[in-house]
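Reader: I would like to go through the labels used for this model and ask what each one rests on. Please set each value against its cut-off.

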Amino acid sequence: MAVTEVCSDAELQALCSSHAGLTTVLLWAPWHPPSVHLTKVLEAIAADQKSVRFAKVNTDVCPGLATSLGADQVPFAAFLNPRGAKLDVLAGADPPKLVEKVKALASRSLDAVPETAGSAAATGDQDMNTRLKELINFSPVMLFMKGSKVEPFCKFSKQAIAILEKHNIDYSTFDILKDEEVRQSLKDYSNWKTYPQLYIDGELIGGVDIIKEMDEDGSLVEAVGSAKGDKPLQERLKDLINQADVMLFMKGDPDQPRCGFSGKIVGILNEHNIKFETFDILTDEEVRQGLKEYSNWPTYPQVYAKGKLIGGLDILKELADEGSLVEELSSA
């Protein structure tokens, strides 16, 4: 069984609901060698465990899934039932433990009854319609497209994403190229034969031409309504990251860091005589959660230079080791 690359909550939910067994998803990052190695381990497990679905998430590309799954580090594995609920998790690079957990959970009953051949014909259309309805309503704003936000596979999908991003609209996507059944069935369900398709609050808006028209006449943002990103929070976050030339969002403050990573990053900045200001994300949950989405960076601490995200502890350590930290922060 191949390991599927997923990049949205909707795609992961679709993978979970596509069968009656266990789904194992691994969050990894290309800059973290142990997590890269664990993706190879996952492929080997997938070849052996035919009844299990396997997925991997590059957290640099799709940080939102790390937040959804409650991951605060890589690698991080989550084990999900057919409804997408977490059965167990595994934090850290521990290949033997990963193998052990997959085998143990794969042997358990997950309270999902596989559809029999006899009932499939009678209930297939109804079940697919139910699944499509769930996908359409997965997020207040849903875009069914070819590819992902990061890598759209057709120019129309790319144009739709550009418009939504321009207005800072909070939306989810589903890659119809990864599920032929959904791709074909949604055409009939919505009576709309092409992609992309945009839905707001479960209602079909249309394709890219309609999205463009609504963008031009100003009705798109109005249609999104409460589904649109919180503009006051967006403005507040922008003000915060531009509060000083170098801003550190951390747990605690420089005198009393509340986590080891925050303490280490303060030490690096002080060692290089870099002037910086800080914001304690433990004092404001709205900022703590909102900045993860705003910056597409799911963990803390976070360092910004002149309003530009530089990265977290690993990035700063790398810049410091190669002697380019001061230059990077001053030239941002």
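This is a predicted model: local features need pLDDT of at least 70, side-chain atom pairs count only at pLDDT 80 or more; totals for chains, interfaces and linings use all residues.

Reader: Why are α2 and α4 called roughly parallel to each other?

Author: The axes of helix α2 (residues 33–48) and helix α4 (residues 95–106) cross at roughly 30 degrees. That value is under 35 degrees, and therefore α2 and α4 are roughly parallel to each other. Their axes come within 11 Å, and the crossing is right-handed.

Reader: Which residues make the contact between α2 and α4?

Author: From α2 they are His 37, Leu 38, Val 41, Leu 42, Ile 45 and Asp 48, and from α4 they are Pro 95, Leu 98, Val 99, Val 102 and Lys 103. Sorted by class, this contact has 8 nonpolar, 1 polar and 2 charged residues.

Reader: What makes α6 roughly parallel to α8?

Author: Helix α6 (residues 155–166) and helix α8 (residues 208–217) pack at about 25 degrees, with 9 Å between their axes. The angle is under 35 degrees, so α6 is roughly parallel to α8. The crossing of α6 and α8 is left-handed. Phe 156, Gln 159, Ala 160, Ile 163 and Lys 166 of α6 meet Val 208, Ile 211, Lys 212 and Asp 215 of α8. By class, the contact of α6 with α8 has 5 nonpolar, 1 polar and 3 charged residues.

Reader: How do you know that α11 and α13 are roughly parallel?

Author: Helix α11 (residues 260–271) packs on helix α13 (residues 313–321) at an angle of about 30 degrees, and their axes are 10 Å apart. With the limit at 35 degrees, α11 and α13 are therefore roughly parallel to each other. Their crossing is left-handed. The contact involves Phe 261, Lys 264, Ile 265, Ile 268 and Leu 269 of α11, together with Leu 313, Leu 316, Lys 317 and Ala 320 of α13. It has 7 nonpolar, no polar and 2 charged residues.

Reader: Why does Lys 56 count as buried?

Author: Buried means under 20% relative accessible area. Lys 56 has 16%, so Lys 56 counts as buried. This lysine is in strand β3 (residues 53–58). Beyond four places in sequence, Lys 56 touches Val 3, Thr 4, Glu 5, Val 6, Leu 26, Trp 28 and Glu 43.

Reader: What makes Thr 4 partly exposed?

Author: The relative accessibility of Thr 4 is 28%, so Thr 4 counts as partly exposed. Thr 4 lies in strand β1 (residues 3–5). Apart from neighbours within four places in sequence, its contacts are Leu 15, Phe 54, Ala 55 and Lys 56.

Reader: How do you know that the radius of gyration agrees with that of a compact globule?

Author: For 332 residues the globule rule gives a radius near 20 Å, and the protein has 22 Å, which agrees. The C-alpha trace spans about 70 × 55 × 30 Å along its principal axes.

Reader: What percentage of the residues is buried?

Author: Buried residues make up 44% of the 332 residues. The protein has 14 helices and 13 strands.

Key: Residues are numbered from 1 along each chain as its sequence is written. Side-chain values use heavy atoms; hydrogens and water are left out. Axes are lines fitted to C-alpha atoms, for helices over the stretch in contact, and angles run from 0 to 180 degrees between N-to-C directions. Helices (H or I, at least four residues) and strands (E, at least two) are DSSP runs, numbered from the N terminus. Angles under 35 degrees count as roughly parallel, over 145 as roughly antiparallel, 65 to 115 as roughly perpendicular and the rest as oblique. A crossing is left-handed if the near helix is turned anticlockwise from the far one by less than a right angle, and right-handed if clockwise. Contact means heavy atoms within 4.5 Å. Ala, Val, Leu, Ile, Met, Phe, Trp, Tyr, Cys and Pro count as nonpolar, Asp, Glu, Lys and Arg as charged, and the others, Gly among them, as polar. The radius of gyration is taken over C-alpha atoms; the globule rule is 2.2 Å times the number of residues to the power 0.38. Buried means under 20% relative accessible area, exposed over 50%, partly exposed in between (1.4 Å probe, protein chains only).
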